[in-house]
Amino acid sequence: MGTNAKGKLKVAGPSMYEVLQGIDFERRELIGKPKGKGLFDLVLDEHGKERCYACTLCERSCPVDCIEIDYCPEHPELPFDVEAERAAAAAAQPEIDMARFDRVAAVLREGSGLIESLHTTQEAYGWLPRRALEEIAAELKLPFSRIYGVATFYSQFRLEPVGKHVISVCMGTACHVAGAPLVAEAFSQELEVAVGETTPDALFTLQTVNCVGACALAPAVRIGEDETLGRMTPTAARKLVRKLKREDA
Amino acid sequence: MAASTKSPARPAARIERALRRAFHSDNTTGGEDTVKIRVCAGTTCNASGRAALRKAIDDELVRRGLHDKVKVVETGCHGLCQEGPIVVVHPRGIFYPRLKPRDIATIIETSVVGADVVERLLYRDPVTGTPIAGEKEIPFYAGQQRVVRAINGLIDPTNIDDYIARGGYRPLAKVLSAGDPEGVINEVEKSGLRGRGGAGFPTGKKWRFCRANPGERKYVICNGDEGDPGAFMDRAVLEDNPHSVIEGMIIAAFAIGSGVAPVEGYLYVRHEYPLAVERLRHALAQARERGLLGENILDSGFHFDIRINQGAGAFVCGESTALTASIEGRRGMPRGKHIRTVAHGLFGQPTNLNNVESYATVPWIIEHGADALAAMGTATSKGTKIFALTGKVRNTGLVEVPMGATLRHVIFDIGGGMLPGHEFKAVQLGGPSGGCLPAEYLDTEIDFESLTSLGSMMGSGGMVVVDDSTCMVDFAKFFLTFTAEESCGKCVPCRVGTQRMLEILERITSGEGTLDDLDLLERLSDDVMEGSLCQLGGSAPNPVLTTLRYFRDEYTAHVVDKRCPAKVCRPLIRYTVNRHNCTGCYACTIACPTHAITGERKQVQKINQKLCIKCDTCRQVCNFDAIDVETGVLASLAGGRN
């Protein structure tokens, strides 16, 4: 990313707003998909030059600090301190219970590979806390970005804590034909969250999965890891949520 | 390694002794001629209440003091999943579907203590309604020919002795005794077995390449990453008969590596199949304990072990190069296959990767001979294939038929035909990579070539039947949503192309499409197929292309008439109350989540189109068929929150 950014920053400084105005953000959703897909590179304009304006947005928001912009030394008055921002973000990460990490360490020692160790981490914590991922990176002697990249690639891994009840609506073909989208929508309305989100009271997480293999019972819904409910309807979905809410009240 | 450290004198006798030692005959659950109760413990039956049923059976047996005399066996999936939980009472083999715990006392009284049948609980023929007692007489089972699933549902999958008692691990002993890896490959090649994962590459040929390629070590991988939505046959094989897959892998390892290089095995299973993983772990431990896996298998001097790797929810990992990347702990992105995995696979070594079903077929071939398998099927596709029959048919579940069976046989004879009041519209084969075939191709004989020539494909064996209530444009959109989401993003035509195609389909289903869009879809499809490294992109447009080919009239109805013939696409439909049928019972009024339905009690209700979200709840709760769904220009102008 480096050298090309050098001269550009001078242009970018005061007139950043105008510069951003001029950029065609229309197709941004392509790279903004929730799961990281593809390999990233700078886009070239019609003259073959990189379109990067060194606005530093990417550098400051990269979760694994793998983007470095080479600032020119004669222009020291940056409006922010990237290093300090990163240190603050690291300090803000929730502490984790290291006792639970022992299981992960055991899996790593067996040499079962990164994906198995991530599964074990998720079993231990319910999600993948950043600090645990950093431990894994240190243990495997791999860059953190590599671990994070794997964690974002696979849809089973969660980088946010989940609610007490994880509701997974099956979106397989048979379930789709039998009306799974309506069931997912009913859950979404009843819980007042979008698919993939957790309720503010941390009781429910709603997600969709690609086929749990219970196609004969379509549409199927999985509660937690073990319980599978078949032949769901939107009304049954609403009732289920109310029942679970009552039990927790 | 295989060049045995022991004296080669009479290895066959030594292996035979080792197999006898591995078998603990007192531990089996007995044959079908003894008094026993089989309870299906497949995933679907578990979801239908198997645990409560099992407890009721145990309690009842204890109450009658029969718990020592009657064996209760939890078996793998019986296949007729929608009728779960299933119980079969032996020795007569009486089949009881959809049982409730309260039925157990009657069944034990009549069928276990006595030898009669409880007629009211028997399975009824979905067409004629006559009760059928025997499992084998049920049309769903009678129309099948089971090779891979022959003993699934009969044995306890957690009991290795059940498997050995039915001839399991005998083929392995036979192979090890003969000590001729080339012979094994010849036999598999002669049987005509082709990869069951979808592409249909000849298995024997793959093994031969892998054996011939030099390497420090070799890998044998079983691909259990059954990502196709609507397919669950691999899950069933892994859950119901894990040892058949393990045995197939050991035989493959022997054929590929013996005398050439050390071999290691990996079982790659989806994380969404927790029961399969649990049973495989158990089976591997048992096999190791009995000397059937690990060091010096069956005292033959051959070493081979298998470890389990779980997937993490990426469809693309079913692709061989992506799968190896995933085992290596990287993002599951495929690479170009100018050098195939048999030469340069896992960790850069020659790797043989086959599907679950392929491995499970291998012991059968060794046991019965290549000619027995070659005798089944068509000229180019041999043996049997398991299909996961789902969708709008009467009997859903797992079906194993010989290659060359017609779609009509599977859907109408075994599947029992369409649900009452509905007409067959299409059958979708091969998951998101396959295509939809209309009624005129129902008499097609199923094999790899015939399906490909029609624009569909065998795939891993998902068979989803849809009726007139499914919109084919929406169906194509569903598959494309899936592939667009699952595209790994490496190849731009696949990542961006599927996204653009999806946008076009979204335009069409919301009534904003044009006829040019249909041509554009076809052009884009070609580009996506041409420009993708792996088969995810290479086959992603298939559902769109086949629906365009066979159901173009539905596309034009959406584009020109702004009408969704199946009344599915929300922007093109509206819900109204039928004045003649509505009784004002308030069922819909109460159920409506947005309070869009109003009216006096015992009067005709009214739907506020601005509030209606078209969630279909009212139609489902209505007992008087008083909610109509309209489609056409008027409906598309009605607005509402789509």
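## Strand partners in chain B

Two strands count as paired if DSSP finds at least two bridges between them. Keep that in mind as you look at this predicted model. Strands 13 and 14 of chain B run antiparallel and are joined by six bridges. For one spot along that pairing, find Lys385(B): across from it, in strand 14 of chain B, is Val401(B).

Now zoom out to the sheet. Five strands of chain B make up an open sheet with mixed pairing, and their order is 14-13-17-15-16. As for what links strands in general, they pair through backbone hydrogen bonds, in either a parallel or an antiparallel way.

## A buried leucine

Next, have a look at Leu121(B), which sits in the loop between helix 4 (104-113) and strand 5 (123-124) of chain B. Is Leu121(B) buried or exposed? Leu121(B) counts as buried, because there are 20 C-beta neighbours inside 10 Å, and 20 or more is what the label "buried" asks for.

Who does Leu121(B) touch? Leaving out residues up to four places away in sequence, Leu121(B) is in contact with Tyr96(B), Leu99(B), Asp103(B) and Ile107(B). Cys210(B) is another story: from Leu121(B), Cys210(B) is 89 residues away in sequence and 53 Å away in space, going from C-alpha to C-alpha.

## Where the chains meet

Chains A and B touch, with 43 residues of chain A and 54 residues of chain B taking part. On the chain B side, the elements that give two or more residues include strand 13 (384-391) and strand 17 (462-467), along with helix 18 (472-486) and helix 19 (492-509). Sorted by class, that side of chain B has 25 polar, 21 nonpolar and eight charged residues.

## A quick tour of chain A

Chain A has eleven helices and four strands. Of its 249 residues, 30% are buried. If you take contacts in chain A between residues at least 6 apart in sequence, 62% of them join residues at least 24 apart.

Where domains 1 and 2 of chain A touch, domain 1 gives five residues and domain 2 gives six. The domain 1 side has three nonpolar residues, one polar and one charged.

Note on methods
Residues numbered from 1 in each chain as written. Chains lettered and ligands numbered in written order. Predicted model: local features only at pLDDT ≥ 70, side-chain atom pairs only at ≥ 80, totals over all residues. Contact = placed C-beta atoms within 7 Å. Nonpolar A, V, L, I, M, F, W, Y, C, P; charged D, E, K, R; others polar. Buried ≥ 20, exposed ≤ 12 C-beta atoms within 10 Å, placed from the backbone.
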